[in-house]
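Please describe the surroundings of a few residues in the structure below, with the cut-offs behind each term.

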Amino acid sequence: MCDTVGETICRLTETPHSALRHEDNEAMIIDCHTHLNRVAGPDIADSVNALCTYGDRLGIERFCLSLGFGREHSPTPEEVRTHNDQVLEALAQCPERLIGFVYLNPVYTDSALAEIERCVE
């Protein structure tokens with residue numbers, strides 16, 4: 001199962017499978033569910049710095065961000081875009097440690113499909 005998950009992450013991030021292992025073939029530790037709103041800091045830069053500091057302390061090398069600041073029950077397309085913009089800003093700050101997920105609300109199908117296109121490009 002781990003190889004399957006690792007291979008999936010590689011496909012999604014266009015990262016060679018070997019890049020998820022160290023030179024001694026030890027697996028890299030990846031936190032696969034992280035939200036910016038759960039990390040201390042008043043803004044994205046501070047939150048990313050805190051996240052990386054925690055990761056350094058715990059041996060976590062990569063983080064998958066799945067949400068910016070906020071947590072609406074049924075976000076509007078505008079709120080979804082705001083959260084994804086926050087994740088994209090975080091990715092730009094620390095691309096070597098962060099992997100971004102696209103946040104969507106399937107209630108707004110057309111907007112969700114457009115948001116996937118926007119964020120993946």
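Val-102 has a relative accessible area of 31% and is therefore partly exposed (buried means under 20% relative accessible area, exposed over 50%, partly exposed in between, with a 1.4 Å probe and protein chains only). Its place is the loop between β3 and α4; helices (H or I, at least four residues) and strands (E, at least two) are DSSP runs, numbered from the N terminus. Together with Leu-113, Ile-116 and Val-120, Val-102 forms a nonpolar surface patch with about 330 Å² of accessible area. Patches are made of residues with over 30% relative accessible area and no salt bridge, where like charges are joined within 9 Å and nonpolar side chains (Val, Leu, Ile, Met, Phe, Trp, Tyr) within 5 Å. A salt bridge is a side-chain nitrogen of Lys or Arg within 4 Å of a carboxyl oxygen of Asp or Glu. Accessible areas come from the Shrake-Rupley method with a 1.4 Å probe, and for residues only the protein chains shown count as cover.

The model is predicted: local features need pLDDT of at least 70, side-chain atom pairs count only at pLDDT 80 or more, and totals for chains, interfaces and linings use all residues. Residues are numbered from 1 along each chain as its sequence is written, and side-chain values use heavy atoms, with hydrogens and water left out.

Val-102 is also touched by Glu-115, whose other contacts are Val-80, Arg-81, Asn-84, Tyr-103 and Leu-104, not counting residues up to four places away in sequence (contact means heavy atoms within 4.5 Å). Glu-115 lies in helix α4, residues 109–120, and counts as buried because its relative accessibility is 6%.

His-35, in strand β1 (residues 30–35), is buried as well, at a relative accessible area of 10%. Beyond four places in sequence, His-35 is in contact with Ser-66, Leu-67 and Arg-71.

Arg-97 sits in the loop between α3 (77–93) and β3 (98–100) and, at 14% relative accessibility, counts as buried. Its contacts outside four places in sequence include Cys-52, Asp-56, Ile-60 and Glu-61. Glu-61 is 36 residues away from Arg-97 in sequence, yet their C-alpha atoms are 6.3 Å apart. A polar atom of the Arg-97 side chain lies 2.8 Å from the backbone oxygen of Ile-60.

Polar contacts between side chains are listed below. A polar contact is a pair of N or O atoms within 3.5 Å; within protein, one must be able to donate a hydrogen and the other to accept it, and residues adjacent in sequence count only if both atoms are side-chain atoms.

| Side chains | Polar contact |
|---|---|
| Glu-115 and Asn-84 | 2.9 Å |
| His-35 and His-33 | 2.8 Å |
| His-35 and Ser-66 | 3.4 Å |
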